Amino acid sequence: MSTLPVYLYGNDILKKKAKPVEEVSNEELKLIKAMFETMHESNGIGLAANQVGELKQILVVDISEMEAGKGTQPLVVINPEIVDEEGESEYDEGCLSIPDLRETVKRPERIVLRYNDINMKEREMEADGLMARVLQHEIDHLNGVLFIDHLSAAKRTLLKSRLTKIAKGEVETSYEVVVNVPKKKKR
Ligand code: NI
């Protein structure tokens, strides 16, 4: 196993835009493999490279263990761009970088996505439901946006003390995390 520690809320890298990937070399392949292992070990259904400390436009998704994702394949998405969106839905989102916090977020129900696959082949896919939800959440990460940024100012004020605690690492996780680099917390 080669899992990576997950950067917690409060780390600047989560507010930064990831850079486009030009080619998938061994370095990226290793990163993608470690991202899958990290996501699976932490029971996540999506993970963006920012969350493991890499400003690269790479995200992974695996919703196959979820009722709404039965029969879907794990997905690697590189350099994503949402080219169309439609409808609206609400869902209680969580994030490995913001443990123990779930809030309802409104997003488009259906998206059309253009991206590169792991062979850098250009692809287009349509997604709705949970898959569209996770993809939008992870694409936000690559743009330096967190799901709590979608909440009202009033709601964010209510969450402030919990977020401050998370930023200090005062939260229990079953996975290794990074609290404001370079301090590390082991489980
Ligand atoms: Ni997240």
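**Exercises on a predicted model**

Leu-47 stands opposite Val-60 in E3. The exercises below concern a predicted model.

**Exercise 1.** Determine which strands pair with E3 and in which sense.

*Solution.* Step 1: E3 and strand E2 (residues 46-48) are joined by three bridges in the antiparallel sense. Step 2: strand E4 (residues 75-86) also runs antiparallel to E3, with four bridges between them. Step 3: in this second pairing, Val-77 of E4 is the residue opposite Leu-59.

**Exercise 2.** Decide whether the residues on each face of strand E3 (residues 58-61) are buried or exposed.

*Solution.* Step 1: in a regular strand, side chains alternate between the two faces of the sheet. Step 2: Ile-58 and Val-60 lie on one side, Leu-59 and Val-61 on the other. Step 3: all four are buried, so both faces are covered, where buried denotes under 20% relative accessible area.

**Exercise 3.** Compare the span of helix H1 (residues 26-41) with its expected value, and state what its buried residues pack against.

*Solution.* Step 1: H1 has 16 residues, and 22 Å is expected at 1.5 Å a residue. Step 2: the distance from its first C-alpha to its last is 22 Å, close to that expectation. Step 3: its buried residues, including Leu-31, Met-35 and Phe-36, pack against strand E1 (6-7), E2, E3 and E4. Step 4: after H1 comes Asn-43, with a positive phi near 60°.

**Exercise 4.** Identify the protein donors of the nickel ion and their spacing along the chain.

*Solution.* Step 1: the donors are Cys-95 (SG), His-137 (NE2) and His-141 (NE2), at 2.1 to 2.3 Å. Step 2: their spacing is C-x41-H-x3-H. Step 3: Cys-95 in strand E5 (residues 89-95) and His-137 in helix H2 (residues 129-142) are 42 residues apart, linking distant parts of the chain. Step 4: Cys-95 and His-137 are both buried.

Technical notes. Residues numbered from 1 in each chain as written. Predicted model: local features only at pLDDT ≥ 70, side-chain atom pairs only at ≥ 80, totals over all residues. Heavy atoms only, no water. Donors = N, O, S within 2.8 Å, 3.2 Å for Na, K, Ca; no water. Helix = DSSP H or I, 4+ residues; strand = E, 2+ residues; numbered from the N terminus. Buried < 20%, exposed > 50% of the residue type's maximum accessible area, 1.4 Å probe, protein only. Pairing = 2+ DSSP bridges. Expected span 1.5 Å × (residues − 1). Contact = heavy atoms within 4.5 Å.
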